[in-house]
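Okay, everyone, thanks for coming. Let me put the sequence and the model up on the screen.

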Amino acid sequence: NEIYLNGLAGILPRFPMVHAELEAKAQAALPPSVWSYVAGGAGDEHTQRANTTAFQRWGLIPRMFVGASQRDLSVDLFGMTLPAPLFMAPVGVLGICAQDGHGDLATARAAAHTGVPMAASTLSADPMEEVAAEFGATPGFFQLYTPTDRELAQSLVHRAERAGFKAIVVTLDTWVTGWRPRDLATSNFPQLRGHCLANYTSDPVFRARLDRAPEEDPQAAALMWTQIFGNPLTWADLPWLRSLTELPLIVKGLCHPDDVRRAKDLGVDGIYCSNHGGRQANGGLPALDALPAVVEAADGLPVLFDSGIRSGADIVKAIALGATAVGVGRPVAYGLALGGADGVVHVLRSLLAEADLIMAVDGYPTLADLTPEALQRVT
Ligand code: FNR
């Protein structure tokens, strides 16, 4: 309402309202190597594109005589009540997207301002304790990239608990980096790496593995990181992951219903259906097309979803297909690039305003009203 009324009074938003424009402005604002890392994906990026176009194959059917003048977008998740079914997906190079290098802190401030939780990545330019200190009353999730060093994994999770994070998200699909031609073309990895290792260099277990402190020998710290970063976990590791924390444990990257059933049997608290925004493997199913079977297999367990959310309409459709809450990745990084915390707040509020208005106009006043019957497949 506020965005609209301001617009009618000639007070226009400072940042773009439509994703394509946001993307174009972010591209202009970021150095080419950073842009290609953030915007790019795996292979020829077919799956990345399919993630977004998949939403166009579903149409919402409006309902009338509903009187949806009051909407309630709130959702219960792991004992928390969120104002809306939206969170910020973990993004590991937020530091390099912000002009002052502290994009993780700025994003956390946007979480505090909007009530939209941030899933803070392991790959952060600022230590997780400092990020969590910016959350205010908004809950935060810590995303773990599980290193091969189990003691380090434990240390990261325990730090997250002490810092006040409310859930642990373990990402399973990125123990090795996918085939990303844009990154190879710009050879941007060394540049990026210097901006996302704060959770390692501030960790006592990681520091104990080094001969010299990371401040004295950053090269050796970076080398150590490359050696321990990726752990190709198997099902045998899940009980160990489960044992690391009493916090809700969510596994990210699940798209196959059999994997979902097995994870549920082994005691996870939430499933996170995602194909990493098409960054990891090309040729895959659009994540949205995997969602209905994941929801069915989850059989009542909360299902988080990301990959391709670009508008309020996309949020509404993913909820109607059974997601409990949806995550947004690249648009947050773009908002950050354009306007720091204010830019992120703008992106989140625009997404929510559009979702809310669609629910009003289409006669679906609560999330419970959004079921698969609200949608029709467009072929
Ligand atoms: C990511 N993603 C990601 N995921 C994760 O679990 N840990 C991480 O550190 C990162 N880092 C990261 C960096 C960048 C630049 C991007 C764009 C993405 C994946 C992210 O959490 C999410 O799955 C996708 O971004 C969702 O797709 P969209 O919204 O970008 O289409």
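Predicted model: local features only at pLDDT ≥ 70, side-chain atom pairs only at ≥ 80, totals over all residues.

Residues are numbered from 1 along each chain as its sequence is written.

Let's start with strand 8, residues 249-252. Strands here are DSSP E runs of at least two residues, helices are H or I runs of at least four, and both are numbered from the N terminus. Strand 8 runs parallel to strand 7 (residues 167-171), with four bridges joining them, and it also pairs in the parallel sense with strand 9 (residues 270-273) over three bridges. Pairing takes at least two DSSP bridges. K252 is the bridge partner of T171, and Y272 in strand 9 is the bridge partner of K252.

So is strand 8 covered on its faces, and by which residues? Both faces are covered: L249 and V251 on one side, I250 and K252 on the other, all buried. Buried means 20 or more other C-beta atoms within 10 Å of the residue's own, with C-beta atoms placed from the backbone.

Next, helix 2 (residues 19-29) and helix 18 (residues 330-361): their axes, lines fitted to C-alpha atoms over the stretch in contact, come within 8 Å. They cross at roughly 105 degrees, on a scale of 0 to 180 degrees between N-to-C directions. The two helices are therefore roughly perpendicular, the label for 65 to 115 degrees.

Finally, the ligand: of the 24 residues around it, A89, G92, S121, G277 and G329 come nearest, where being near means a backbone-placed C-beta atom within 6 Å.

Key
Parallel < 35°, antiparallel > 145°, perpendicular 65-115°, else oblique. Buried ≥ 20, exposed ≤ 12 C-beta atoms within 10 Å, placed from the backbone.
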